[in-house]
Amino acid sequence: MDVQDVIELIEYFRNLQNNEMKFEIEELRGYIDIRFEELYVELTEYIDSNISAP
């Protein structure tokens, strides 16, 4: 294994890490979107029930 092989190996693992981080960020965004949607539904139900209450 020469210096060029080592450099290519480092670049490969760096790209792999970057791709994993992008995937994790996308998963997190999806989770956050779901949670916000759930919270929005609960909040609107709560508001609706309190507005219609005497």
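Author: Residues here are called buried under 20% relative accessible area, exposed over 50% and partly exposed in between (1.4 Å probe, protein chains only). The model is predicted, so local features need pLDDT of at least 70 and side-chain atom pairs count only at pLDDT 80 or more, while totals for chains, interfaces and linings use all residues. Residues are numbered from 1 along each chain as its sequence is written, and side-chain values use heavy atoms, with hydrogens and water left out.

Reader: Thanks! How many helices and strands does the secondary structure of the protein come to?

Author: Helices (H or I, at least four residues) and strands (E, at least two) are DSSP runs, numbered from the N terminus. Helix H1 covers residues 3–52. The count for the protein is 1 helix and 0 strands.

Reader: What radius of gyration does the protein have?

Author: The C-alpha atoms fill a box of roughly 80 × 5 × 5 Å along the principal axes. The radius of gyration is taken over C-alpha atoms, and the globule rule is 2.2 Å times the number of residues to the power 0.38. A compact globule of 54 residues would come out near 10 Å, but the protein has 23 Å.

Reader: What percentage of the 54 residues count as buried?

Author: Accessible areas come from the Shrake-Rupley method with a 1.4 Å probe, and for residues only the protein chains shown count as cover. The accessible surface of the protein is about 5300 Å², with 60% belonging to carbon and sulfur atoms. Among the 54 residues, the share that counts as buried is 0%.

Reader: What accessible area do Met1, Val6, Leu9, Ile10, Tyr12, Phe13 and Leu16 have together in their nonpolar patch?

Author: Patches are made of residues with over 30% relative accessible area and no salt bridge, joining like charges within 9 Å and nonpolar side chains (Val, Leu, Ile, Met, Phe, Trp, Tyr) within 5 Å. One of the members, Leu16, lies in helix H1 and is partly exposed at 33% relative accessibility. Together the seven named residues have about 700 Å².

Key:
A salt bridge is a side-chain nitrogen of Lys or Arg within 4 Å of a carboxyl oxygen of Asp or Glu.
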